[in-house]
Amino acid sequence: MLNYDIVIIGGGPAGLAAAISAKDSGVDSILILERDKELGGILNQCIHNGFGLHTFKEELTGPEYAGRFIEQVYDRNIEYKLNTMVMDISSDKVVTAMNRTDGMIQIQAKAVILAMGCRERSRGALNIPGYRPAGIYSAGTAQRLVNREGFMPGKEVVILGSGDIGLIMARRMTLEGAKVKVVAELMPYSGGLKRNIVQCLEDFGIPLKLSHTVVDIEGRDRVKAVTIAKVDSNNKPIPGTEERYECDTLLLSCGLLPENELSKSAGVDLSMVTNGPVVNDSLETNVPGIFACGNVLHVHDLVDYVSEEATTAGKNASDYIRNTASASSDKQVKINTECGVRYSVPVFVRPDKMNDKLTVRFRVGNVYKNVNLCVYANDTLLMKLPKKVMAPGEMEQVILLKSKLNEIADLNTITIKIEEA
């Protein structure tokens, strides 16, 4: 049995930032476990720019952004194991992992930080009639093939789903000489950032068809054509609206799902909305000493926010080890989300123990224009923020002040909601 103060599951942007923060907070016994052959996570295949504007005040590619944090890990002599698959995490923070060098190992941690990231949803492919020939890829798989393996998946492409990876791959495939015929999106709004819609589709003349889905795939050995159709308010295809596109490749960009199988085995409560852990203001789960950050907690749109969140988790895990008092024993106030706000991270706030400022992040469930974003403490209005546009593809945030919350007598609930302007 190995012993470490903090074990971090995942060596992507969240895990790296959490490790650096924990080290800078005074904890020396840290171990990062990463299943890939190198640190950096998904950023290693994201060769486009747009990373680091918040963190480093300059525009970097994904590998450059990851490289900045990897260097800091090296400089601090933080231990890590690559090609290591974590098999189980117990509620008493025993981590079971395996690799070729060590075989099966068990590690007793004083605190565990979950930073496993997310995976692509496959559900977009499940309800499509037709064969399953070669040429159907998830957008992330295609990204890895093009950017890291030097393999071009196809020349004529249809993309289902307008998540950020799908939008970015529409541009990437075009730059590599492919013809992207259309991007079809089931929902009446795009799931990606506005800037990606402009830079990746509009700048290249690629059509985006909202409220459309794939209804047929042709081809036995290889995709030959894809048919899309408009859908009604129940997402059912409308007869007579079919459009057929000859192509050799179909990319699926149907959203991301936090990787929380290990969290379940540790007894961590998961949100029904985000599929990520339910955490308090210190990013601690219901299991004392287990923290979560990054895309394993909820899917972010900017990696800068992942790093910021992970830095908080690393510091709080260090504080937990020093204090050894479980935060779950403190009074917790639930954040309720209503009237268009789908969820919040964190879900619970400890008014007595929270930092002076707390960033609460969330997403809305539809496109809203000219509304007010309101925050209530009990029935007292804390803030009213006018919003011209709010969309599901863009993460929103509010700042809660400890001083303001402590002014409220018998604080029981905090509510975030959308109200008409």
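Guide: Ground rule for sheets: two strands pair if DSSP finds at least two bridges between them. Strands (E, at least two residues) and helices (H or I, at least four) are DSSP runs, numbered from the N terminus. This is a predicted model, where local features need pLDDT of at least 70, side-chain atom pairs count only at pLDDT 80 or more, and totals for chains, interfaces and linings use all residues. Residues are numbered from 1 along each chain as its sequence is written, and side-chain values use heavy atoms, leaving out hydrogens and water.

Visitor: What makes β21 an edge strand?
Guide: The open sheet runs β21-β20-β26-β23-β24, with mixed pairing. Both β21 (348-349) and β24 (380-390) pair on one side only. Two bridges join β21 to β20 (residues 333-338), and they run antiparallel. In one of these strands, β21, Phe348 is the bridge partner of Lys334.

Visitor: Why does Cys46 count as buried?
Guide: Buried means under 20% relative accessible area, exposed over 50%, partly exposed in between (1.4 Å probe, protein chains only). Cys46 has 8% relative accessibility, so it counts as buried. Cys118, at 25%, counts as partly exposed.

Visitor: Why is α5 called roughly parallel to α6?
Guide: Helices α5 (residues 164-175) and α6 (residues 194-201) pack at about 20 degrees, axes 8 Å apart. Angles under 35 degrees count as roughly parallel, over 145 as roughly antiparallel, 65 to 115 as roughly perpendicular and the rest as oblique, so α5 is roughly parallel to α6.

Definitions and conventions
Axes fitted to C-alpha atoms, helices over the stretch in contact; angles between N-to-C directions.
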